[in-house]
Amino acid sequence: VAILDWYVLKGQGHSLSISDERHQQFLKFVYGIRREALPDELSWSTETTERYARRSWLHIDKLIPSTSRTEVDTSRLLPRWGTSIQLRGKTVPRVPFGTVHLQRDANAISATTSGVAGFTLLISPEQFDLSQPLTLTVNGSLVRNEIPQPSVKTMLHWAARDDDRSMLFAAAWSQ
């Protein structure tokens with residue numbers, strides 16, 4: 001976890017010009033933080049699968065339509081992009097969204113979902129032992145317990161899309 005320092009640069013507005021001293025502090029921070037490409041635990045929410053449907057080794061493929069949900073749960077709604085926040089009067093237009101929370105322990109994956117009808121897990125040999133079975137539990141039910149089958153097609157698809165050597169995926173499991 002990175003600890004951030006907040007500096008107010010008076011009179012600069014949105015200007016990104018900073019002193020050489022602040023620039024060196026900034027570079028030290030940027031180059032000192034290493035990204036964890038394949039975290040053991042992650043959560044992701046999205047209101048659409050058209051964009052913003054992916055984080056690391058999780059891709060949300062399909063949401064449960066709001067018309068097929070049995071009750072209206074206002075905690076499951078987010079402000080729509082492009083709407084201003086209103087402090088009085090009508091509330092901001094809201095849209096349903098879905099969430100997936102993943103927890104990995106060795107070759108065991110536990111997924112908790114809400115508002116999601118389908119998702120894909122991208123499986124990397126850097127993260128999992130592909131010579132052993134992987135187990136996937138979704139909302140408490142065992143869904144899969146098998147050895148994933150590596151695919152050159154899968155690897156090439158995601159490698160071309162990501163252009164990131166730290167995120168090479170040998171297999172994909174869709175749920």
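**Exercise 1. Find out which residues R54 touches, leaving aside residues up to four places away in sequence.**

Solution. Start at R54 and look around: the residues it touches are W44, H59, L122, W158, D162, M167 and F169. Keep in mind that you're looking at a predicted model. Next, place R54 in the fold: it belongs to strand β2. Now pick out the polar partners. The R54 side chain makes a polar contact with the side chain of D162 at 2.7 Å, and it also reaches the backbone oxygen of S56 at 2.9 Å.

**Exercise 2. Decide whether R54 and F26 are buried, partly exposed or exposed.**

Solution. You need the cut-offs here: buried is under 20% relative accessible area, exposed is over 50%, and partly exposed is in between. Take R54: its relative accessible area is 17%, so it counts as buried. Now F26, a residue of helix α1 (residues 20–32): its value is 47%, so it comes out as partly exposed.

**Exercise 3. Work out the strand order of the four-stranded open sheet, and say which strands stand at its edges.**

Solution. Read across the sheet and you get β2-β3-β8-β11, with antiparallel pairing. The edges are β2 (54–55) and β11 (171–174); each has a single partner strand, so one side of each has no neighbour in the sheet. In between, check the pairs. β3 (residues 58–63) and β8 (residues 116–123) are joined antiparallel over five bridges, and L63 sits opposite V116 of β8. Moving on, β8 and β11 run antiparallel with four bridges, and here L121 faces W173 of β11.

**Exercise 4. Sort the side chains along β11 by the face they point to.**

Solution. Walk along the strand and watch them alternate. A171 and W173 go to one face, and these two are buried.

**Exercise 5. Sum up the whole protein chain: what are its elements, and how much of it is buried?**

Solution. Count the elements first: there are two helices and eleven strands. From the N terminus, they follow the order α-β-β-β-β-β-β-β-β-β-β-α-β. Then burial: 29% of the 175 residues count as buried. For the surface, the chain exposes about 12,500 Å², with carbon and sulfur atoms supplying 54% of that. Finally, look at contacts between residues at least 6 apart in sequence: 53% of them join residues at least 24 apart.

Note on methods:
Residues numbered from 1 in each chain as written. Predicted model: local features only at pLDDT ≥ 70, side-chain atom pairs only at ≥ 80, totals over all residues. Heavy atoms only, no water. Pairing = 2+ DSSP bridges. Buried < 20%, exposed > 50% of the residue type's maximum accessible area, 1.4 Å probe, protein only. Contact = heavy atoms within 4.5 Å. Areas by Shrake-Rupley, 256 points an atom, 1.4 Å probe, with all protein chains shown as cover. Polar contact = N/O pair within 3.5 Å; in protein donor to acceptor, adjacent residues only side chain to side chain.
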